[in-house]
Amino acid sequence: MIDVLHREFVYLWYYFDVQLRQIFWYWVFGIVLGSCVSVFLKDRIHGGLRAMSQSRMGMIGVVPASLLGIASPLCMYGTIPLAASFSKSGMRDEWLASFMMCSILLNPQLIVYSTALGPTALAVRIISCFLCGILAGVLIRLLGKGRPFFNFSGFEEQKSRDTHPNPIIRLVQNIGRNVKVTGPYFLLGILLSAIFQRYVPQDLMTRFFGGNEAFGVLMAATVGVPLYACGGGTIPLLQAWLADGMSMGSAAAFMITGPSTKITNLGAMKIVLGLKHFLLYLVFVMAFSFATGLLVNGLV
């Protein structure tokens, strides 16, 4: 019995070590880049969005709003108070929707993490998230009929934690917080991928998530709901799944439903949307991820 346990430990450690070596430096670089953006560029990014509230771009404003959402380093609970302040300054709901949707799905740190999945997966992730933000804003513009879509009452913009007068110390402190938050999920993701590689047959992954069938995309979109806890933590899983036969469309569906239905993000969105709009949000996310998965499988 002891020999069996030792052998299984050796196998798991092998898969864990290989996965860690493959993506560790992507994680480190992502941490450093995300902290640099947060410490040195965050105010400029959000200042650009504030300036938009004084412009007259109309519907086209969903494009820069989506781009700024991708560039923003804030988590959802940091984004909502910021969006509340933008709303008070007169920003249109469709711009806020595009900004918030892209901020949920992607950030500079996650872009770096996703480079470990290869250029195709990285391009699919960036483009699909960008288009998701644009479509969210367009739909609110077309279907909202001028009525307020969000309820930001009670939210105020949070004070920055990067307040030390020395910029190097501010950066180091931010990196430390990033490591503390993402590190456990990153290691958990590697452990789960090692377990999958050891005990889940490759043909089973191909059967469920491979090929161009709609079933695989639907399964991936559904699995993204309970499995997604942290962007960095899912990269090892996706890397292992893609190696085992997961289709790119299924990966795209997972990368959309995962962050948009993460339990903390859902809690925040429920507060500002109300029940009716929250249900519409869920339908939109699932429908967009499914359609994106099918489209990607047809193109890639």
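Alanine 51 counts as partly exposed, at 48% relative accessibility. Buried means under 20% relative accessible area, exposed over 50%, and partly exposed in between (1.4 Å probe, protein chains only). The model is predicted: local features need pLDDT of at least 70, side-chain atom pairs count only at pLDDT 80 or more, and totals for chains, interfaces and linings use all residues. Residues are numbered from 1 along each chain as its sequence is written, and side-chain values use heavy atoms, with hydrogens and water left out.

- Alanine 51 is found in helix 1. Helices are DSSP runs (H or I, at least four residues), numbered from the N terminus.
- Alanine 51 and phenylalanine 24 are 27 residues apart in sequence. Their C-alpha atoms are 38 Å apart in space.
- Leucine 41 is also found in helix 1. At 38% relative accessibility, leucine 41 counts as partly exposed.
- Helix 1 spans residues 2-52 and helix 2 spans residues 62-71. Their axes come within 10 Å and cross at roughly 160 degrees. Axes are lines fitted to C-alpha atoms, for helices over the stretch in contact, and angles run from 0 to 180 degrees between N-to-C directions.
- Helix 1 and helix 2 are therefore roughly antiparallel to each other. That label applies to angles over 145 degrees; under 35 is roughly parallel, 65 to 115 roughly perpendicular, and the rest oblique.
- The crossing of these two helices is left-handed. This means the near helix is turned anticlockwise from the far one by less than a right angle.
- On the helix 1 side, Val37, Ile45, Gly48, Leu49 and Met52 meet Pro64, Ala65, Leu68 and Ala71 of helix 2. Contact means heavy atoms within 4.5 Å.

**Serine 66**

- Serine 66 lies in helix 2. Its relative accessible area is 0%, so serine 66 is buried.
- A polar atom of the serine 66 side chain lies 3.4 Å from the backbone nitrogen of isoleucine 134. A polar contact is a pair of N or O atoms within 3.5 Å; within protein, one must be able to donate a hydrogen and the other to accept it, and residues adjacent in sequence count only if both atoms are side-chain atoms.
- Not counting residues up to four places away in sequence, serine 66 touches Ser98, Cys102, Phe130, Gly133 and Ile134.

**The largest nonpolar core**

- The largest nonpolar core has 71 residues. Such a core is a set of buried Ala, Val, Leu, Ile, Met, Phe, Trp, Tyr and Cys residues joined through side-chain atoms within 4.5 Å.
- Met100, Phe150 and Phe152 have the most contacts inside this core. Helix 12 gives the most to the core, with 11 residues.
- Phenylalanine 150 touches Asp93, Leu96, Ala97, Met100, Ile140, Val272 and Leu273, leaving out residues up to four places away in sequence.

**Threonine 292**

- Threonine 292 is found in helix 12, residues 263-299. At 11% relative accessibility, threonine 292 counts as buried.
- A polar atom of its side chain lies 2.7 Å from the backbone oxygen of phenylalanine 288.
- Leaving aside neighbours within four places in sequence, threonine 292 is in contact with Ser128, Ala252 and Ile256.

**Proline 201**

- Proline 201 lies in the loop between helix 7 (167-199) and helix 8 (202-209). At 43% relative accessibility, proline 201 counts as partly exposed.
- Proline 201 and aspartate 244 are 43 residues apart in sequence and 8.5 Å apart in space, C-alpha to C-alpha.
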